[in-house]
Amino acid sequence: MVSGMVLAAGAGNAARSAVGVLVLVIIAGWALMFAVLFGMLIYVTVLRGRRQSRKREAPGPVVSADPNLPAVLAQARHADPYFDEQLLLDASQLICLVIFAAMSTGDEEAIRYLAARSFWSTFFGRYTRSASRSVRLQRLQEQGRRAGSRRQARLPVDYQALAPELISLDVRQQRACIRVSFSQLRAVVAPGAQSQTAMASATSLSSLAVSFGGAMSERMNNSVPGLSWLSWAGKYDLVFTRPPGTRTDPRAAIANRTCSSCGATYGSELATTCAHCRTERPVAWDTWRLADIAVVD
Amino acid sequence: MPADREKFPLPERLFLAYTAASRWATGGSIRRPDSPGRRRGCANPFALFKILLFLLMILLLPIFVLPMMLVRLVESGRQSSRYGSSVDITAGDEARWGHGILLPVPGDAVIRSGGAAIANSDPGFRVTALTDWAVAATALNCQSLISGDATCTRTFMSNGLYRAHQALLELRARSEVSCAGAWRAVGATVVGATRSQLVEEVRVRVHCQGWRMERHEPTGLILRGGPEVASWSEDLTFTRSVGAVTPASGGLPANRCPSCGAHLDLDPGGACRYCRGVVTAGNHDWVLVSWQREPW
């Protein structure tokens, strides 16, 4: 009987210790989660605020187009008779739109098809991958809801760009730099949409705190979905590369319109494979791939 | 790969499982019995279990969310946070009314000297051919937005702009964003003409009148515009390679192939069906490379 009481007391102690450990883990988890979340938000917000004020005070120098471009282009055509810089300008226009698509719908398949593997280790590659994965996760979460009760949507509404410009071309390294300037507009439909979007563009801790509070309270109150807007505009240099010694295949641009395997016309500009036979679609600008993107101040 | 078949990393699957369980726990109303004759609210043991599960899920939130947050943080690294802060994102009304602001118009003298530089190397160059073309293009742009099909713009858009425009229309259709309206160009003026070492560029500002409206079909929400008649401007920028001259047939603005002079009939790749030359690359003739709409 005594040993039974000792065992029961031991089991009680163990249970209490287990509950104690669980409570400790939960408290530490909450503390760490808030520390990470607010730490990141504060870091990005402060950096964004500093950057904007620096830009207002002293805008950075902008590298303009290489003055020797006509000579370099002639040299490129001599080495590769079918080289056409227009293909790269076309590529830059579509790629910016494809990045917009990835960030709005989470579909990054088209960028994978147009970008070099090294692109994913650049800042922009990581940023795009992370943003598109978040959209896919959100879409999965929303899939469980009935159509009528879907309460969050980020809609790609508009995309406008200025004419792209060839900035430099390195024939030996097979590297070209194209400058693009664009503006993308997304509509956000969600409860507390105004505060949600304000959080994304906050440039000070106070504006961040206000918008965070607003977004949370409207979500908790289960209020009616509202409409707000997010826009991303800027000037960027797109760097394209291809393996050294490569020559342009003049058939590439034509092969890109119809499937070489079954002859079907590609129905979508964002398609990377043939809808009928699943054969991979050739890239219109042959072996040129997006390698990096840099912000132009 | 569709999102529902994608294999997310373990921390994200953990998070998905968490959200699915919370959704299940919060599904249905505790005020209504599950079936006739069953008890309501906390008197229903099943509903009580769901409430307790939901409270437990809230308590355990960090255990499910933290791994995903930390893995992403490590993956993206400090440099990416720096980059994230350098992306110019604007929100709310500032985003809507800042999107598509047209470039300022340079002085008349600058435009005239740019036009003269183009005309010097191409005696056949006529500004009116481009302004008339811009007016005609506006009608086709309107048609493409309303129908959601860019095919009608193939004859004047450069290959890059055409593909981007078609892709944008696809994206909008997938998100169930529609456009309705009827508008036309009531005037067009040249607001920019330049000749660089590689390209010649002419920017035409088209003044439009009519109504337009964008809607999100599932919610019925009007995103932009409305049924009221309004006026606005659009900038259409045409370019061609330095060295290209106006063809005797008039070229693309006159609805003729700049390469063989035949009546314009292009395949989806922008190649003339008669001579097989790709005429929408900007090497032979003017093509539209940029289309900007005033904020609305």
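The following dialogue reads selected features of a predicted two-chain model.

Student: On what conventions does the reading rest?

Tutor: Residues are numbered from 1 along each chain as its sequence is written, while chains are lettered from A and ligands numbered from 1 in the order in which they are written. The model is predicted, and local features need pLDDT of at least 70, side-chain atom pairs count only at pLDDT 80 or more, and totals for chains, interfaces and linings use all residues.

Student: How many residues does the largest nonpolar core have?

Tutor: In soluble globular proteins, nonpolar side chains tend to be buried together. A nonpolar core is a set of buried Ala, Val, Leu, Ile, Met, Phe, Trp, Tyr and Cys residues joined through C-beta atoms within 7 Å. Buried means that 20 or more other C-beta atoms lie within 10 Å of the residue's own (exposed: 12 or fewer; partly exposed: in between), with C-beta atoms placed from the backbone. Here the largest core has 86 residues, and A:Leu88, A:Leu97, A:Val98 and B:Leu288 have the most contacts inside it. Its largest share, 14 residues, comes from helix α3 (residues 85-105) of chain A; helices (H or I, at least four residues) and strands (E, at least two) are DSSP runs numbered from the N terminus.

Student: Which residues does A:Val98 touch?

Tutor: Contact requires C-beta atoms, placed from the backbone, within 7 Å. Leaving aside residues up to four places away in sequence, A:Val98 touches A:Ala110, A:Ile111, A:Leu114, A:Leu270 and B:Ala167.

Student: Which element gives the most to the side of chain A that touches chain B?

Tutor: In total, 74 residues of chain A are in contact with 74 residues of chain B. Helix α1 (residues 2-57) of chain A gives the most to chain A's side, with twelve residues. That side has 45 nonpolar, 20 polar and nine charged residues, where Ala, Val, Leu, Ile, Met, Phe, Trp, Tyr, Cys and Pro count as nonpolar, Asp, Glu, Lys and Arg as charged, and the others, Gly among them, as polar.

Student: How many bridges join strand β4 of chain A to strand β1 of chain B?

Tutor: Strands pair if DSSP finds at least two bridges between them. Three bridges join β4 (residues 226-241) of chain A to β1 (residues 89-91) of chain B, and the two run antiparallel. A:Ser231 stands opposite B:Thr90 there.

Student: In what order do the strands of the open sheet in chain B stand?

Tutor: The four strands follow the order β2-β3-β4-β5, with antiparallel pairing. At the edges stand β2 (177-195) and β5 (287-293), each with a single partner strand, so one side of each lacks a neighbour in the sheet. The twist averages 20° from one strand to the next; axes are lines fitted to C-alpha atoms, for helices over the stretch in contact, and angles run from 0 to 180 degrees between N-to-C directions. Between β2(B) and β3 (residues 199-216) of chain B there are 17 bridges, and B:Ala188 has B:Val206 as its bridge partner. Helix α6 (residues 127-147) of chain B lies across β2, β3, β4 (221-241) and β5, at about 160° to β2(B).

Student: Why is strand β1 of chain A described as largely enclosed?

Tutor: Nine of the nine residues of β1 (residues 153-161) of chain A are buried, so the rest of the structure largely encloses this strand. Eight bridges join β1(A) to β3(A) in antiparallel fashion, and A:Asp158 stands opposite A:Leu185 in β3(A).
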